[in-house]
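This report describes selected features of the structure shown below. It treats a strand arrangement, a charged surface patch and several backbone angles in turn.

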Amino acid sequence: MENKDNIGAGNQPNQPNQPNQPNGPNLSNQRPNGKRRFNFMWIYAILFAVLIGLQFFGRDSATPQEEIDQGKFIELLKQEEVGKIELVNREDAEIYLNKKGLSVYFPDVSANADGFTVSPNYTYKIGSLDRFEEMVENAQEGIANPVYISNVRRNNWMGSILEWVIPLALLAVFYIILMRSMGRSMGGGAGSIFNIGKSRAQLYDKNTNVNVTFKDVAGLEEAKVEIMEVVDFLKNPEKYTKLGGKIPKGVLLVGPPGTGKTLLAKSVAGEANVPFFSLSGSDFVEMFVGVGASRVRDLFNNAKSKAPCIIFIDEIDAIGRARGKSAITGGNDERESTLNQLLTEMDGFGTNSGVIVLAATNRADILDKALLRAGRFDRQIYVELPDIVGRKEIFEVHMRGLKLAADVDKEFLAKQTPGFSGADIANVCNEAALMAARKGKEEIDKQDFLDAVDRIIGGLEKKNKIISADEKKVIAFHEAGHATTSWLLQYAHPLVKVTIVPRGNSLGAAWYLPEERQITTKEQMYHEIIATLGGRAAEQVVFGQISTGALSDLEKVTKQAFAMVTYYGLDDEIGNLSFYDSTGQQDYSFQKPYSEKTAETIDKQVSKLVEKAYQEAIDILTEHRDGLTQLATKLIEEEVIFGEDLERIFGKRPWGNSEDEKLKNAALKEAEEATESQLDNQTENA
């Protein structure tokens, strides 16, 4: 359609009969064997206690020490109460009082044999050494027995040691914590930094419960047949080897996003009774040189030890991009080294018997040619968007756990969702359930699914958006122009619903039901361009002027017209030439694959094609002006109109044969039965 399950692990009781298991609860600071874990907080506590202790180490609390000022110091010198002055490291002066001074200021403190206390009585902080000596000399002028300054040098060994030990200890603690945190983040122990070159693949084996099987994969019948053959070979290898056959070394799943490539690989893990290694292409990428190649070697070494097994690499284009395409980084970067190692492991001199590589990507065009050759990826399975039969099967899978109302028709929903991938359909089912729950319903009905489809295609309704009456009228005629031209053109997609209620970034939206076809003719593409330009043409016909509301329409038309002229060879002037490059190498080229004269011709023909389609849209709307006005008026009144309203105004579309529809439905049913029969035979053989 265009235009727009959780398993919780409960707490298990302790089992006292198990060895090395304590009877009591397993505390957070205990190891599984019952021993207490070492708590690093003790290191911080010890260091803090040492620092606090050093603040008081060596101090004599019995002898007070007081820092005095200059005036009191001079007074002590003049009163001849100072017995000794020691200048420590030419910075601090320690003052010892004699017996006279002690009797005056410290009568309770006794002196030693030398007449002084063990510790200085006062301390004096000097500034300039020369001025301090001059001050002491002047203060003792005229005294018969002056006190002379003695210089003392002291080394604080404990402080010097701590200046080195404490920072080193803190660095060591920080390093240990860092290594532990890195080990936890990488899923290993404290030494996990040295395991950076190890593979990060997740292993699924018989002990791992994988709930996804082939029954959970719908709409991929052809891909399932080829994948089931790989699983069948791993289960019954003699069936193929007795005839001399060899299983493909690699299988590449290619398709648009959301089509079920990863889901298909999960089903292989659930079906195959062999080890299954799963990882993403980005798991090989690392900032360190050589890590990617090392992880590839480790992955295949682990796989060889568990052969037969399967390796699944999701999004392989992260490392499989073609080499030598970037002129900036050159050809010797880390990603290319990783790819070279992968190429060697998949098909080199070494033997990888029993190891099957399964990969998925949606960008097969940018993969290296050496990676896609036979012997590495022997098979390429295209996982395409599901058709109407596949979409119905996918709806059945995703509706298993939903409470559905009786009016829900899976076939009808499959018809309303052309171009939807499996992921889109899963999203539709989930959105429908959320909408029904939001409205307080007990079951999910048909309208909930239709609202979910509208929500996914056009976005959330914005009914509170302020739009003036004039703007609403322009939007109504614009959308009515799309609806009218698409209804009156043979190969344009018929309208399903159109609305002028703002959705997402658009002020209006229209839903069409495109025909599911594999090839498209020139006339079909031309009619689609006319229908796309119908909105702007309606503005021109009704108002005589155009607006900026056709931006997305013009973008779509320009790309489609350019593709018709340059890619598909549908222009008479250019002829049967195509400038499309399926290899993707043209993206890295500074030159266009055509001359300047051809470029002018292309621009001319593209413009000519678009303008011709625009004029034809104007002619159609001018001829059916009354029907256009009726449709726009009804759209303004009701905000939403359906295909039945167009049929009531313009009549039934004259195209479409009921017999052709019957033949088409019969062919679809026959193809479905043939596919089911093929799958049943494959399952019986497995």
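An open sheet of mixed pairing is built from five strands, ordered β1-β4-β3-β2-β5. Because β1 (66–67) and β5 (149–152) each have a single partner strand, they stand at the edges, and one side of each lacks a neighbour in the sheet. Strands here are DSSP runs of E with at least two residues, helices are runs of H or I with at least four, and both are numbered from the N terminus. Two strands count as paired if DSSP finds at least two bridges between them.

The model is predicted: local features need pLDDT of at least 70, side-chain atom pairs count only at pLDDT 80 or more, and totals for chains, interfaces and linings use all residues. Residues are numbered from 1 along each chain as its sequence is written, and side-chain values use heavy atoms, with hydrogens and water left out.

**Strand β2 and its partners**

Strand β2 (residues 82–88) pairs with β5 in the parallel sense over four bridges. Within this pairing, I85 stands opposite I149, and E86 stands opposite S150. With β3, β2 pairs in the antiparallel sense over six bridges; there, V82 has L97 as its bridge partner. Five of the seven residues of β2 are buried, so this strand is largely enclosed by the rest of the structure. Buried means under 20% relative accessible area, exposed means over 50%, and partly exposed lies in between (1.4 Å probe, protein chains only).

**Positive phi angles**

Most residues other than glycine have a negative phi.

| Residue | Phi | Location |
|---|---|---|
| N89 | near 55° | hairpin of β2 and β3, with three residues between the strands |

E639 counts as partly exposed, at 31% relative accessibility.

**A positive surface patch**

K522, K604, K608 and K612 form a positive surface patch. Such a patch joins like charges within 9 Å, using residues with over 30% relative accessible area and no salt bridge; a salt bridge is a side-chain nitrogen of Lys or Arg within 4 Å of a carboxyl oxygen of Asp or Glu. Helix α20 (residues 596–623) contributes the largest share of the patch, three residues. K604 is found in helix α20 and, at 58% relative accessibility, counts as exposed.

Technical notes: Patches are made of residues with over 30% relative accessible area and no salt bridge: like charges are joined within 9 Å, nonpolar side chains (Val, Leu, Ile, Met, Phe, Trp, Tyr) within 5 Å. Accessible areas come from the Shrake-Rupley method with a 1.4 Å probe; for residues, only the protein chains shown count as cover. Lys and Arg count as positive and Asp and Glu as negative; His and the chain ends are not counted. The place of a charge is taken as NZ of Lys, CZ of Arg, CG of Asp or CD of Glu.
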